[in-house]
Amino acid sequence: MEFLGGKFLQVFIALAVFAALIGLIMLIVDRAPKSVKDKLTIAGFLAPAAILMLVGLVYPAVQTSILAFTNASGQPNGVDNFVWMFTQPEALVTLRNTVIWTVLVPFLSTGFGLAYAVFIDKARGEKVLKALVFMPMAISFVGAGIIWKLVYDYRGPGIEQTGVINAVRVMLGMDPKQFLLDAPENTIFLIIVMVWIQTGFAMVILSAAIKGVPMELVEAARLDGANAWEQFRNVTVPGIRGALVVVLTTITIATLKVFDIVRTMTAGNYDTSVVANEMYTQAFRAGEPGRGAALALILFLLVLPIVVYNARVLRQQREIR
């Protein structure tokens with residue numbers, strides 16, 4: 001109780017200091033001359049966000065970067081954590097799995113979503129068909145992991161199978177399979193869960209982009225004798241290129257950070273761990289916060305180029321418009 005009371009007091013003091021700081025800023029703005037008042041007003045509105053960003057983003061990022069070069073005792077150890085990351089077999093398996101996830105999930109999700117969006121465009125019952133594919137997006141990653149863990153569930157031979165896939169295999173005269181235990185294909189079965197979730201997101205964004213393609217271009221291509229595939233390749237795809245970039249980069253970032261599915265279904269065992277899961281395992285399970293911070297730093301460096309590229313593409317499109 002004393003610990004909780006102390007924590008509550010700390011939070012209360014922090015909030016009080018923050019409120020007092022904001023009040024001081026507003027007071028200075030109110031009493032400033034008009035020539036300076038406009039600039040101070042802008043600064044006053046930006047200051048709370050800047051303070052929160054410094055406290056909640058910049059400071060933890062700097063602290064994590066420093067921690068990445070320390071050992072389990074908090075003593076500096078140079079680049080030992082990064083050497084471990086790129087030399088130890090279990091760490092290399094983690095990096096390999098992350099690369100497989102990053103390659104397969106964005107392209108499969110975007111490909112399935114685009115194909116579905118094209119095929120149901122202007123079809124009867126389009127809204128219902130879209131809702132069915134988008135529904136998995138409403139499920140949390142943990143919930144999806146639990147659902148698919150039941151789908152993959154395995155019981156020994158001669159025992160009634162509760163997993164849907166193994167029940168079907170037994171009905172067809174095949175032996176049940178341990179989908180989540182047999183490496184390396186168990187990683188593929190985990191990837192299927194992520195693709196199942198992200199396909200709905202890709203479908204919705206790309207379907208909206210397809211409807212934004214000018215019909216005049218489609219009609220002109222049809223009059224020129226272009227078949228359905230040529231119309232799709234030469235008219236539709238160039239018209240939705242911006243949406244494709246957004247979908248691919250968004251899903252790629254989500255895939256690099258994937259944690260819940262792996263943690264829920266295998267906990268990273270059986271050679272299925274990825275960077276985000278291994279970061280948690282090393283920092284909070286193995287007592288190696290330095291290794292966890294090093295993995296977090298690598299994850300940040302992997303995501304950063306994708307974010308920069310996405311911002312550049314969006315800026316170029318804005319300039320064209």
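Modeller: A residue counts as buried when under 20% of its relative accessible area is left, and by that cut-off 35% of the 321 residues of the protein chain are buried in this predicted model.

Biologist: What makes the pattern of the protein chain one of α alone, when it is read along the sequence?

Modeller: The protein chain has 14 helices and zero strands, so with helices taken as DSSP runs of H or I of at least four residues and strands as runs of E, the pattern is α-α-α-α-α-α-α-α-α-α-α-α-α-α.

Biologist: How do you know which residues of helix 13 are buried?

Modeller: The test is again a relative accessible area under 20%, and within helix 13, which spans residues 275-285, Val275, Ala276, Asn277, Glu278, Thr281 and Gln282 are the buried residues. After helix 13 comes Gly287, with a positive phi near 70°.

Biologist: Why is the set of 40 residues called a nonpolar core?

Modeller: The name asks for buried residues of kinds such as Trp, Tyr, Val, Ile and Met, joined through side-chain atoms within 4.5 Å, and the largest set of this kind has 40 residues, with Trp101, Tyr152, Val193, Ile261 and Met265 having the most contacts inside it. Helix 4 (89-120), helix 6 (141-151), helix 8, helix 9, helix 10, helix 11 (241-256) and helix 12 (260-265) each supply at least two residues of this core, and helix 8 gives the most, with 13 residues.

Biologist: Which residues does Ile261 touch, if those up to four places away in sequence are not counted?

Modeller: A contact needs heavy atoms within 4.5 Å, and under that limit Ile261 touches Trp101, Phe141, Leu190, Val193, Met194 and Ile197. Across the protein chain, residues 24 or more positions apart account for 65% of the contacts with a separation of 6 or more.

Biologist: What makes the largest pocket a pocket rather than a cavity?

Modeller: A cavity is a space from which a 1.4 Å probe cannot get out, whereas a pocket is an open set of points; the largest space of the open kind has a volume of about 330 Å³, and therefore it is listed as a pocket. Of the 14 residues that line the largest pocket, Val118, Asp121, Ile210, Val218 and Thr236 are the closest to its centre. Helix 8 (185-211), helix 9 (215-223) and helix 10 (228-239) are the elements that give two or more residues to this lining, and helix 10 gives the most, with five. By class, the lining of the largest pocket has eight nonpolar, two polar and four charged residues.

Biologist: How do you know how many residues in the lining of the second largest pocket are charged?

Modeller: Only Asp, Glu, Lys and Arg count as charged, and the lining of the second largest pocket consists of Gly56, Leu57, Pro60, Ala61, Thr64, Ser65, Ala296, Leu297 and Phe300, so the division is six nonpolar, three polar and no charged. The second largest pocket has a volume of about 250 Å³; helix 2 (34-67) and helix 14 (289-320) each supply at least two residues of its lining, and helix 2 gives the most, with six.

Biologist: Where does UniProt place the feature "transmembrane region"?

Modeller: The unreviewed UniProt entry places the feature at residues 12-29, 41-62, 99-119, 131-151, 188-210, 240-259 and 293-311. In the model, residues 188-210 are 100% helix and 0% strand, with the end C-alpha atoms 30 Å apart, while residues 240-259 are 80% helix and 0% strand, with the end C-alpha atoms 30 Å apart.

Methods: Residues are numbered from 1 along each chain as its sequence is written. Side-chain values use heavy atoms; hydrogens and water are left out. On a 1 Å grid over the protein atoms alone, a cavity is a set of points where a 1.4 Å probe fits but cannot get out, and a pocket is an open set with protein on both sides within 12 Å along at least five of seven lines; lining residues have an atom within 4 Å of a point. Grid points are joined across faces, edges and corners, and a volume is the space filled by probe spheres set on the points. UniProt positions are given in the numbering used here, feature names are shortened, and annotations may be inferred rather than shown by experiment. Buried means under 20% relative accessible area, exposed over 50%, partly exposed in between (1.4 Å probe, protein chains only).
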